[in-house]
Amino acid sequence: MKLASILAVAAALATAVVAAGPAAAQPSSTSVIKLTAMSQGLMYNTKSLHAKAGKIKLVFTNQSMLQHDVRIEIGEKEFGGTKKITKGTTTAYLTLKKGKYNFYCSVAGHEDAGMKGTLTVS
Ligand SMILES: [Cu+2]
């Protein structure tokens, strides 16, 4: 093989290596929503949450010594939510389509006391 041919092959190989380089990082499509139950009173820190349709990470912080959770529903249809916790943070994953959902605390009496709001998924 002549030197010119060897160089041509080497150049082709170098190009191939560059082209095969590391794949672009997958963009994360999970939207994160955060909700906090206040330390005093039966209330969350907001009445309205927004998320993008698809996979949703729900991060719930309970600042109270009282037990709370967050459940997601439309009417009486449940779409999931967190477990009940006292002071601390817990995470739940949901997969939701576009729509208007209600979030609420499932501990007896808490929803009626005001622990509820609207989750808009768009
Ligand atoms: Cu509660």
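Visitor: What stands opposite Ile-33?

Guide: Leu-58 in E3 does. By the way, this is a predicted model, where local features need pLDDT of at least 70, side-chain atom pairs count only at pLDDT 80 or more, and totals for chains, interfaces and linings use all residues. Residues are numbered from 1 along each chain as its sequence is written.

Visitor: What makes E1 and strand E3 a pair?

Guide: Two strands pair if DSSP finds at least two bridges between them. Seven bridges join E1 to strand E3 (residues 54-62), so they count as paired, and they run parallel.

Visitor: Why are strand E1 and strand E6 called edge strands?

Guide: The open sheet has three strands in the order E1-E3-E6, with mixed pairing. Strand E1 (31-37) and strand E6 (88-96) each pair on one side only. From one strand to the next, the twist averages 20°, with angles running from 0 to 180 degrees between N-to-C directions of axes fitted to C-alpha atoms.

Visitor: What makes something a helix or a strand here?

Guide: Both are DSSP runs, numbered from the N terminus: helices (H or I) need at least four residues, strands (E) at least two. By that rule the protein has two helices and eight strands, in the order α-β-β-β-β-β-β-β-α-β from the N terminus on.
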